[in-house]
Amino acid sequence: MSGIDAHLPALQVLTPLLTAALVVLLPARTLAWAAATAASFIAFAIASALTLAVLGGQTLDYAMGSWPAPYGIALEVDSFSALLLLVITGASSLALIGGRVSLNNQITEDRQPYYFAAWLLALAGLCGIVVAGDAFNIFVFMEISSLASYILVSGGPDRRALPAVFKYLVMGTIGATFYLIGIGLIYMMTGTLNLHDMELRIVEVADQRPVLAAAGFITVGLALKAAVFPLHVWLPNAYTWSPHITTTFLAACATKVALYVLLRFDFFVFQGNLVNHGMQFAAFLMPLAVLGILVGSAVAMFERNVKRSFAFSSIAQIGYILLGASFVTATGLTAGIVHMFNHALAKGAVFLALAAFATIATTTRLDDLSGIARRMPWTFVAFVIAGLSLIGVPGTAGFISKWYLIVAALEAGPLGIALVAVILISSLMAVVYVWRVVEVAAFGDPSEFDAASPPRALVVSVWIAAASNIGFGLVPELPVTLAKAASMQLLEHVL
Amino acid sequence: MTLFGLFNYWVFAVLLMIGFYAVIAKPNLIKKLIGLTLFQSAVFLLYITMGRIEGGTAPILSGNTGDTIYANPLPQVLILTAIVVGISTVALGLGIVVRIREEYGTIEESEISEIDQR
Amino acid sequence: MNTVLDILSWILLTLGGLAVLTGGIGALRMPDLYTRMHSASVTDSLGAILVISGIMLQAGLTLATLKLAAILLFLLLTSPTASNALATAALLAGTRPLDDEDSGDAST
Amino acid sequence: MKCMPGCAHCEATSMYIVVSLALITTMGIALARALLGPSVYDRVLAVNMFGTKTVLLLSVIAFLYGRPDFLDLALAYALINFIGVLAVLEFFRSRVPDARERRTGRHG
Amino acid sequence: MTALFGVFLLSLLVITAIGIVRATNLFVAVMLMGIASLLIAANFFILDAADVALTEAAVGAGVATVLFLGALSLTTSRERAPSANALVSGIVTVIAALIVIYATFDKPQFGDPNAPVHTHVAPWYLDKTPEYIDIPNVVTAVLGSYRSYDTMGEVFVVFTAGIGVLFLLGTRRVSRSLEEESKINLGLRHHLIPRTIGRLVIPFILLFGLYVQFHGEYGPGGAFQAGAIIAASLILYALLEGERHALELLPPQVLLFMMAGGALFYAAVGIAGMLLGGNFLDFSVLLGDSVKGQQIGILLVEFGVGVTVTGTLLSIYHAFAARNTR
């Protein structure tokens, strides 16, 4: 068995990738869904196995084609990547298993194999980014996942999905190209593409302008991909008009993977080596994070479309993650990384619940959800739990990350008090935009709903997601351990 | 020669910005994609330029193991990949534009948002 | 022998360069589409023949000559075809030659 | 690197340079025609001209650099250029009825 | 002297790019794109990147032009609204350009042999390739073996784009409208000369495509270029003979199979390496002799790449063209 163990980092990417190619060749529609779900679960199993190995204290390396590292492409799984892998594969599996009915409503049958292929490609791309140890390899897999996500978003039944996805495509491509320019400039100055090798070699040229320009290009490019505040304009429409299941998957992991790359690059390659980069990093990103938190939450309070409202909430949550990272302390990074995990849980559960609502409601506009709690009480309760987690109520997963965030802010001195205030204000805003939905759904006059009974599989997966919000809120060891290890690793490179 | 020592990089910058301008300023969706293509081409130029050595030749070993200087193969490999990635993105973008045209009857950004406001 | 070849290819290449340049100037200065096309396409073929045979003389009997021959053959096939297709397309779309309008719509 | 004993190569180099200068100038002219237009067909003509000149230039440069195995490239350009020009003409023609429809559609 | 060629070609390129942005007729812009692509490719050639030049010519000047034209014929060729925020965008871009140019000042001079790029990883490739892989074209060696994983990713990017276009546009509408299509007395297939010459030329182009595919280890070329060239020749066939004949030759189902099959084949070669005791994409274990194994591995994966690229590009083209004939 040790034979297979050694190949796990490669298999993590290959399983969904190859299944994607197979899915389009499958004759029967249901088979496509079954194959996609199975591949997703296998990927989840591999991710779990990798996590166990990482928790055992090892970092897994894999040399593609058996070529040694700076010459060939290396894969690398450490605690940070293991955490992300769990999030990605978990979100994909839950969304797929629950989302079948929702998909059948939104995408015609003959197009479904392509949709599932794109789904698996997105999954493989995201996993590929996370396990990659080579700057250019990250670009290639980023493009696989981006192109696949454009397809996933464009499947939305409303025509507004199309302009939304076009904007997403243009901005995503600009982001990827900026990233490409950035690694080109670094390659020009260091002669290598391997992240570790880069870290060692960049020291000699750290004060030269092309490297600074590279840091700028990479940060801006990835911030575009991650929808960091002023560059977020593609996100709300793309999330709103895409199929509900797509939204669940993308909201849970797509932007986080971009943030993952950003943090990895910043801490591995730039932080320790560029003069004052730590300060610059904090000085640039912290204001953006704060603005993102406030603006995102504020807009979310007034949006009439529930999906869109939670899309803006996502922008705020990205702000939290970034805020944690911009402290450049162990607690701060832990907070940010734990929030990646917890936000995926909360937002995934919210969007899954919305997908469940949408199987009987006509649209996801607030008015059309009126009184839906009476038709779907179980889903509604799960939605409330997810909402509480999003707000950060004690006992839910969201509380853990907010707690760490506040601790980190208090460590930061006088400025920290203001930041704590920001966090609290934004949490209050979260109460408002969650309560708005709860109020209408529970106490509003029932609007017209489809007669169809709510899909059981979807309700079950909503509940799994909601339950894990509580589970990881009460027993947060797993994400916190991984996040602590990850933040230590990241900081090692700074000191 | 030193006069033109950085000329390629300047062209890279100018081309990059011409493409970028087309993407952000032109409301026509196809024009945006054209701009995107230019934008990416500029990056290709950057990579290939850095791979060149004065007096070198293409990295296809010619058998005689003299002291022939060969250009750096790695940026060329990366750009081969990037060119194909670029055309894939553009193809997908064009597919989306065609669908937009079918649904909205226009490919001008301003008109599309007008239609959506209604 | 070598000098003769050299001189010959000098002549061929120079003539080729001249032909190409003439065609270019013609394409820039001629008054309407068809005259421009005339100037461009004729010199295209002539220039290609001259330049490529000039290089062929330098290359000698190698694989390169074969490839050059292939290029030449290909250019000679496709370039007039493209011009023809272009002229037909322009005529069908209603662009008429400048001065002789009667013959313009008589035939292709 | 380029000067071999007897300098026959130098001789050859200079004539390649002469002809490639002519080619480059013509490319510039073709570009000017492509930018000036006025009609779409003029531009197609210019594109075609530009393509064939590029093919010739590449053949010359392949010899200028002393690597004749790169002639493959020139050949590929010739092929692609032909396909490109035919595609432009084809699509431009197939648009003609559609264009009329669009004009009425816009007012409706 | 030759450096001046580069300067001249690049200046032409910048002029072309400005022309592209200013052109209001989108057909014109696309044609100028073709010119720009040729210029870039010629530049790559001068910069000693023969493989990239071939790719840019085949992909940029060939396939991209055809795809843009296909999309234009389905949309509109006029850019209507004038750019609203031209001034602001212009100022933004000029500032950005100045920043980028400023950043170049510390860059190693053009062609400096002591630049870090030429002293670190690259020399290893040039030195070790004869020993480990023993093929002349180092670009192919890096692409096919050292960075084979990237190349596989790239194949899947192409595959994804194909899936995406099929998802958006579908392939099913062709058969219905074919009779109307033949009624329209337009298009190349009703003209004798292009058709005859085209028929003459297509086998030749196909042959050349195969040559580029299998000669990639020795000279400039390889599977991507070959795939693009072969696809271009089949697109020419479709232009000359009509969609119906082209689709009879290679039905959509076959194209789909090529798309997925090539990518799967690539991965299968990699997995074979895994099963034989190496890592994924380790070709040296494929045969007893590791150098021979590398060579056969590169040949096989390039075959996979060629199949996927051809299949995908044709699928995309047909997806556009099928809409066109409605």
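1. Let's start with the charges of chain B. In this predicted model, chain B carries 7 positive and 9 negative charges, and their mean positions are 3 Å apart.

2. Now the fold of chain B. Its secondary structure amounts to four helices and zero strands, so that the order from the N terminus reads α-α-α-α. The radius of gyration is 20 Å, well over the 13 Å given by the globule rule for 118 residues, so chain B is more spread out than a compact globule. The C-alpha trace of chain B spans about 70 × 30 × 15 Å along its principal axes.

3. How much of chain B is buried? Of its 118 residues, 76% count as buried. The accessible surface of chain B is about 3200 Å², and carbon and sulfur atoms account for 56% of that area. As for contacts within chain B between residues at least 6 apart in sequence, 49% of them join residues at least 24 apart.

4. Staying with chain A, buried residues make up 69% of its 495 residues. The accessible surface is about 14600 Å², with 69% of it belonging to carbon and sulfur atoms. Within chain A, 81% of the contacts between residues at least 6 apart in sequence join residues at least 24 apart.

5. On to how the chains meet.

6. You will find B:Ser88 in helix H3 of chain B. Its relative accessibility is 5%; B:Ser88 therefore counts as buried, the cut-off being under 20%. Leaving aside residues up to four places away in sequence, B:Ser88 touches A:Leu147, E:Val157, E:Val158 and E:Ala161.

7. What does D:Thr26 touch? Not counting residues up to four places away in sequence, its contacts are C:Val20, C:Leu21, C:Gly24, D:Met49 and D:Lys53.

8. Two residues of chain E are worth checking for their backbone angles. E:Asp134 is not a glycine, yet it has a positive phi of about 60°. Its place is the loop between helix H6 (121-132) and helix H7 (138-146) of chain E. Is E:Asp134 buried or partly exposed? With a relative accessible area of 45%, E:Asp134 is partly exposed.

9. The other one is E:Leu281, which has a positive phi of about 65° although it is not a glycine. E:Leu281 lies in the loop between helix H13 (252-275) and helix H14 (290-324) of chain E. At a relative accessible area of 1%, E:Leu281 is buried.

10. Finally, a word on confidence. The model scores ipTM 0.91 and pTM 0.92. For chain B, the mean pLDDT is 85, and 92% of the residues reach 70 or more. Within chain B, confidence is highest in helix H3 (residues 73-104), at a mean of 92, and lowest in helix H4 (residues 109-117), at 83.

11. Please read chain D with its scores in view. Chain D averages a pLDDT of 74, and 73% of its residues score at least 70. In chain D, helix H2 (residues 40-64) has the highest confidence, at a mean of 87, while helix H4 (residues 96-107) has the lowest, at 37. Residues 1-8 of chain D have pLDDT below 50, and this stretch has six contacts in the model beyond near neighbours in sequence. The pLDDT is also below 50 over residues 96-108 of chain D, a stretch with nine contacts beyond near neighbours in sequence.

Definitions and conventions:
Residues are numbered from 1 along each chain as its sequence is written. Chains are lettered from A and ligands numbered from 1 in the order in which they are written. This is a predicted model: local features need pLDDT of at least 70, side-chain atom pairs count only at pLDDT 80 or more; totals for chains, interfaces and linings use all residues. Side-chain values use heavy atoms; hydrogens and water are left out. The radius of gyration is taken over C-alpha atoms; the globule rule is 2.2 Å times the number of residues to the power 0.38. Buried means under 20% relative accessible area, exposed over 50%, partly exposed in between (1.4 Å probe, protein chains only). Contact means heavy atoms within 4.5 Å. Accessible areas come from the Shrake-Rupley method with a 1.4 Å probe; for residues, only the protein chains shown count as cover. Lys and Arg count as positive and Asp and Glu as negative; His and the chain ends are not counted. The place of a charge is taken as NZ of Lys, CZ of Arg, CG of Asp or CD of Glu. pLDDT is the predictor's confidence in each residue, from 0 to 100.
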